[in-house]
Amino acid sequence: MTAQTGLRRDPIAWLLFALVWFSCGWFGSWEFNPNNATRMYAAVSLVEQGNATIDEYAALTIDRAQFGDHFYTDKAPGMTLMAVPFVALADAVTGDDAEFHRIRNEDPGFNRFIKIRVRLTAVFTSALFVAIAAMLLFDLGRGVTGSPAAGLFGALGYALGSIAWGWATTIFGHAASGAMLVIAVWAVWRGTRTPGGTRASIGYAAIAGLALGWGAVIEPPSVLEALPIGLWALWRMRRWAWAQRLPVMLAAAGVALVAVLPLFAYNAFAFGSPFQSGYAGVTDFAGMQQGFFGLTYPKPHVLWEIVFGPRRGILWVSPVLVLAPIGLAWLLWDRRHRDLAVLAIVLSILPFLYNAAYYYWDGGHSTGPRHAVPALGFLGLGLAGFWTLLRTPVGKLLAAQLLAISMAINLMIASAEIAAPDFFDYAVWRAVLLERFAPGYLRTVADEWLGFTPWEGLGIWALVALPLLGVVAWLAWRADDGSVAQHRAPTPVRAE
């Protein structure tokens with residue numbers, strides 16, 4: 001397969017998709033984590049009661065908002081709305097209903113009721129979106145570098161070598177909204193590669209608009225990243241005739257507007273105003289009253305902590321990402337892809353600045369800086385760029401080993417503890433490895449639903465995932481056209 005080959009019949013892309021989706025869907029997070037639970041309680045209420053209140057569940061979560069005498073989820077509605085069909089499906093198939101159970105975390109029936117619905121939602125939203133984003137990031141990395149191996153290195157670094165894996169097992173919004181950004185950037189890149197566009201450009205524009213609009217419904221701060229993506233799209237089309245640009249722009253804007261409408265519809269339904277937000281009624285987090293819903297300005301010491309700090313630092317959970325800035329710098333130097341490199345750098349930095357500006361920057365119970373997850377796909381593009389700089393098999397082997405270490409760390413996180421308590425200084429070592437993974441406190445499909453032990457469940461994952469990983473790596477190596485192996489400096493050409 002060459003860099004220009006599409007995805008439809010590409011075995012590397014589809015096997016990568018299967019590997020990532022299976023890996024993210026096989027493991028699960030604690031269903032009563034307040035961030036999971038508050039979204040699910042709202043979805044259950046919408047399906048079973050026809051309203052958005054969570055009054056009967058309010059005592060079970062600290063993530064809640066209060067308006068008048070009623071309680072609501074304090075989160076943006078995207079994940080809740082996507083959970084609605086899975087709640088309805090589970091209710092219909094099982095004949096079960098929340099009112100049949102005691103609304104208590106320790107009640108076995110209620111525990112199973114919530115767990116089924118959280119797992120279904122996570123598998124078909126967060127996990128699915130990250131798998132799609134990984135496949136598209138592979139295509140983007142391969143197209144930019146000319147190397148399938150580089151594209152695979154970047155995609156694996158994002159999807160399985162970073163905390164995107166662990167957060168994809170939850171119904172938190174971070175992994176899903178981050179995946180939407182990757183999908184949007186891929187769609188713009190695909191739709192604008194040909195001067196003047198093609199018939200398919202309108203379709204790609206619609207995909208980008210859908211991803212950006214729905215991403216804002218999942219996590220409104222993703223609008224911060226959507227703006228540079230939109231400006232980049234306009235830059236890519238700057239030499240097109242207006243007759244070519246206008247339909248593409250209208251398609252993107254129109255679909256984005258339609259995609260974001262559920263946010264306003266939910267707000268109107270729940271709170272009586274399309275411009276009211278659950279964040280305005282937060283009850284248990286006084287820091288949300290500072291600045292704009294807890295956002296002020298980036299603090300340098302916080303930025304240090306979320307990059308290098310042992311409690312939340314990204315490099316402790318994803319050490320392979322230390323290579324990403326080098327790869328992004330290489331892409332920036334190559335004039336053929338300078339515009340994409342600038343965008344990737346911006347989209348890699350913005351989530352960290354947002355995280356550093358947030359009052360609750362540590363994310364409470366969190367393994368790694370969860371608010372910075374939307375940056376990971378674009379750091380993955382930097383990993384693809386870095387791979388092309390490797391001149392010898394030894395260099396590639398060392399990079400692959402660093403990726404393998406990152407994947408092993410994130411396997412432990414995804415299977416054992418994505419929400420490390422905030423009182424552990426060395427979260428990966430103590431909260432994940434010693435407290436959860438080593439004693440075998442894992443959550444897999446096999447042990448939760450099929451009667452296996454947790455270690456057997458992990459072994460089943462390995463029996464499926466490791467051969468898949470080996471095959472996709474072998475195919476990428478075979479498909480690599482050798483253009484990177486020659487290590488010629490990129491020829492400076494006129495930017496697109």
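Phe 452 sits in the loop that links helix 18 (445–449) to helix 19 (454–479). The model described here is predicted. Phe 452 counts as partly exposed, because its relative accessibility is 37% and that class lies between the cut-offs of 20% and 50%. Beyond residues up to four places away in sequence, Phe 452 touches Ala 446, Asp 447 and Ile 460. Phe 124 is 328 residues from Phe 452 in sequence. In space, the C-alpha atoms of Phe 452 and Phe 124 are 23 Å apart.

The next element is a helix pair. Helix 2 (residues 34–48) and helix 3 (residues 78–94) have axes that come within 8 Å. These axes cross at roughly 55°. Helix 2 is therefore oblique to helix 3. The crossing of helix 2 with helix 3 is right-handed. On the helix 2 side, the contact is made by Arg 39, Met 40, Ala 42, Ala 43, Val 44, Leu 46, Val 47 and Glu 48. Helix 3 contributes Met 79, Thr 80, Leu 81, Ala 83, Val 84, Val 87, Ala 88 and Asp 91. By class, this contact of helix 2 with helix 3 holds 12 nonpolar, 1 polar and 3 charged residues.

A second pair joins helix 4 and helix 7 (residues 174–191). Their axes lie 8 Å apart, and the packing angle is about 35°. Helix 4 and helix 7 cross in a left-handed sense. Among the contact residues of helix 4 are Phe 129, Val 130, Leu 136, Leu 137 and Leu 140. Helix 7 supplies residues including Met 180, Ile 183, Val 185, Trp 186 and Trp 189. The contact of helix 4 with helix 7 divides into 17 nonpolar, 2 polar and 2 charged residues.

The largest nonpolar core has 141 residues. Those with the most contacts inside this core are Val 20, Met 40, Tyr 41, Leu 140, Tyr 158, Val 185 and Leu 376. Helix 4 (residues 108–145) gives the most to this core, with 18 residues. Val 20 is in contact with Val 130, Ala 131, Ala 134, Ala 159 and Leu 160, leaving aside its neighbours within four places in sequence. Another core, of 6 residues, lies apart from the largest one. Its members include Tyr 72, Tyr 266, Ala 270 and Phe 271.

How values were computed:
Residues are numbered from 1 along each chain as its sequence is written. This is a predicted model: local features need pLDDT of at least 70, side-chain atom pairs count only at pLDDT 80 or more; totals for chains, interfaces and linings use all residues. Side-chain values use heavy atoms; hydrogens and water are left out. Axes are lines fitted to C-alpha atoms, for helices over the stretch in contact, and angles run from 0 to 180 degrees between N-to-C directions. Helices (H or I, at least four residues) and strands (E, at least two) are DSSP runs, numbered from the N terminus. Angles under 35 degrees count as roughly parallel, over 145 as roughly antiparallel, 65 to 115 as roughly perpendicular and the rest as oblique. A crossing is left-handed if the near helix is turned anticlockwise from the far one by less than a right angle, and right-handed if clockwise. Contact means heavy atoms within 4.5 Å. Ala, Val, Leu, Ile, Met, Phe, Trp, Tyr, Cys and Pro count as nonpolar, Asp, Glu, Lys and Arg as charged, and the others, Gly among them, as polar. A nonpolar core is a set of buried Ala, Val, Leu, Ile, Met, Phe, Trp, Tyr and Cys residues joined through side-chain atoms within 4.5 Å. Buried means under 20% relative accessible area, exposed over 50%, partly exposed in between (1.4 Å probe, protein chains only).
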